[in-house]
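Please read the following briefing alongside the sequence and the three-dimensional model.

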Amino acid sequence: MKRRDFLKFVAAIAAGAVGGYLLTRPRIRKADVVVVGGGLAGSTIVKNLKGLDVVVIERGEYYVVGPAKEDIVLGLAQPGEYATRFEKYIRGEAFAVDPGNRLVYTTAGVFQYRYLVLAPGIRLAYEDVSIEPGAKYVNIYDDSNVLSNIGALRNARGRVVIAHPGLPYRCTSAPYEMAFLIKWLNPQAEISVVSGVKEIPAEFVHQISGLGDKVASLMEERGIGFIGGHEVVEVRANELVLDDGDVVKYDSLVWTPPHRGWPWLVEAGLAREGEFGYIRVDDNMRALGWDDIYAVGDVVWHVVKTGWAAFYEALVASAKILEDMGLEAKPPGFLYSEDAVRLTPQEAVRGAKAWWPIYGDILWRNIYGPSRENAEAKYQWMNAMKKIILEAQSLL
Ligand SMILES: Cc1cc2nc3c(=O)[nH]c(=O)nc-3n(C[C@H](O)[C@H](O)[C@H](O)COP(=O)(O)OP(=O)(O)OC[C@H]3O[C@@H](n4cnc5c(N)ncnc54)[C@H](O)[C@@H]3O)c2cc1C
């Protein structure tokens with residue numbers, strides 16, 4: 001059944017008459033705050049709304065810390081160090097929202113909210129790329145792929161290609177960090193990064209990481225190749241086809257398809273297809289046009305898709321919800337993000353910035369390193385990300 005048909009179906013059930021039979025209304029669970037997605041953004045909301053009636057709908061079984069996915073496929077960490085099960089969230093997948101009636105439809109039932117927080121992250125658009133059966137690749141953005149490739153790249157040799165899509169995609173520096181770490185593990189490997197970035201959406205030109213030039217010169221210094229401005233259109237066994245017809249051969253491939261938002265959010269009128277299904281928000285992180293629907297984290301229409309940004313966006317949203325309910329709240333006053341790119345586990349460069357409002361100007365930015373302290377800061381953040389998920393669940 002299509003989502004639209006399902007909505008009509010549910011409306012009919014609620015009206016009490018389908019096919020001439022009187023049916024009971026489906027049980028609708030009510031909550032002050034319904035959060036869709038228990039990742040970093042959703043869990044930060046839970047932590048900041050302690051004491052309220054909050055339910056979290058989460059479709060996954062476990063959470064794996066974003067950057068640690070690299071460590072797992074490189075054999076530098078075991079999944080248990082940076083992954084945890086979702087124990088306290090309601091296991092289910094949201095597939096429709098009826099904003100007019102404040103309802104969310106999920107595979108775990110129907111929920112009515114006073115405030116809805118959308119935090120489902122990004123969708124991996126595998127359907128946009130032709131994949132030859134038998135083609136083997138590691139996708140550091142896909143939990144199940146990562147968990148079936150534990151340590152797979154520890155001994156990556158020969159031609160190693162790391163290909164990422166155009167903007168927006170999550171944590172833009174992750175593919176480059178993978179290149180440096182593989183080079184450090186296997187200096188003989190012939191590594192190149194294929195970037196699908198052709199252009200930066202005009203409103204985000206000023207948001208792009210200031211780390212780019214530094215990373216480019218470090219890549220050159222370490223003999224890592226770069227092919228820019230070409231999307232992968234076909235993944236074959238041992239070769240990639242780019243959108244200009246060029247073929248790139250590989251022995252090991254790290255690849256991810258385009259990152260997109262969610263069709264069910266477009267259907268609900270909360271996201272636009274022209275913005276790839278991501279949600280445009282106001283300065284309080286509310287979906288434009290709605291004062292009771294918030295969006296935080298990677299699902300937001302923005303090129304900065306990091307755990308740091310997700311964390312700060314969730315602080316802004318939760319403060320507004322508290323304020324709206326007449327409770328004490330302290331919004332952060334700016335958004336913040338940083339990228340720390342490890343060159344080795346002991347050395348990293350780091351770019352940090354603060355901006356405000358969400359589609360506004362950069363207030364401050366800086367670049368640090370390479371240094372040991374930056375690598376340590378990265379591991380601290382990786383541990384903190386896991387802790388946020390654990391602490392949020394302990395409150396429910
Ligand atoms: C390889 C890699 C490296 C990274 N490196 C860094 C880094 O160094 N620093 C940094 O700050 N960030 C980094 N990130 C980015 C960071 O992990 C994300 O930006 C952050 O997790 C975004 O949080 P989120 O809550 O928006 O999305 P997620 O953490 O992805 O959470 C979304 C959750 O929603 C659930 N969900 C999806 N759809 C539904 C649905 N319909 N119904 C119910 N649940 C749903 C998902 O199962 C998921 O648990 C990295 C990410 C990756 C993949």
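R102 is placed in the loop between β8 (94–98) and β9 (103–106); helices (H or I, at least four residues) and strands (E, at least two) are DSSP runs, numbered from the N terminus. The model is predicted: local features need pLDDT of at least 70, side-chain atom pairs count only at pLDDT 80 or more, and totals for chains, interfaces and linings use all residues. Residues are numbered from 1 along each chain as its sequence is written.

**Backbone features in loops**

- Although R102 is a residue other than glycine, its phi is positive, near 55 degrees.
- R102 counts as partly exposed because it has 18 C-beta neighbours inside 10 Å; a residue is buried if 20 or more other C-beta atoms lie within 10 Å of its own, exposed if 12 or fewer, and partly exposed in between, with C-beta atoms placed from the backbone.
- M285, which is not a glycine, has a positive phi of about 70 degrees and is found in the loop between α8 (263–267) and β21 (293–295).
- M285 is buried, since 30 other C-beta atoms lie within 10 Å.
- The peptide bond from L167 to P168 is cis, with omega near -5 degrees, and P168 belongs to the loop between β13 (159–164) and α6 (174–185).
- W356 and P357 are also joined by a cis peptide bond, with omega about -10 degrees; P357 lies in the loop between β23 (347–356) and β24 (361–371).

**Domains and their contact**

- The domain assignment of the chain gives domain 1 (3–122 + 262–333) and domain 2 (127–259 + 336–394); such bounds come from an automatic or database domain assignment.
- The C-alpha centres of domain 1 and domain 2 are 26 Å apart.
- Domain 1 gives 38 residues to the contact and domain 2 gives 44 residues, where two residues are in contact if their C-beta atoms, placed from the backbone, lie within 7 Å.
- On the side of domain 1 that touches domain 2, the elements giving two or more residues include α2 (40–48), α3 (68–73) and α9 (307–324).
- That side of domain 1 has 21 nonpolar, nine polar and eight charged residues; Ala, Val, Leu, Ile, Met, Phe, Trp, Tyr, Cys and Pro count as nonpolar, Asp, Glu, Lys and Arg as charged, and the others, Gly among them, as polar.

**The shell around the ligand**

- The ligand is surrounded by 34 residues, of which the closest are G37, G39, G66, G121 and G297; a residue is near a molecule or strand if its C-beta atom, placed from the backbone, lies within 6 Å of it.
- Two or more residues of the shell come from each of α2, β4 (54–58), α3 and α9.
- By class, the shell holds 16 nonpolar, ten polar and eight charged residues.
- Domain 1 and domain 2 both give residues to the shell, so the ligand lies between them.

- Helix α9 has 18 residues and reaches 26 Å from its first C-alpha to its last, close to the 26 Å expected at 1.5 Å a residue; the expected span is 1.5 Å times one less than the number of residues.
- Because 15 of its 18 residues are buried, α9 is largely enclosed by the rest of the structure.
- Just after α9, G326 has a positive phi of about 80 degrees.
- The 23 residues of helix α10 (residues 372–394) should span 33 Å, which agrees with the 33 Å between its end C-alpha atoms.
- Among the buried residues of α10 are N374, K378, M382 and M385.
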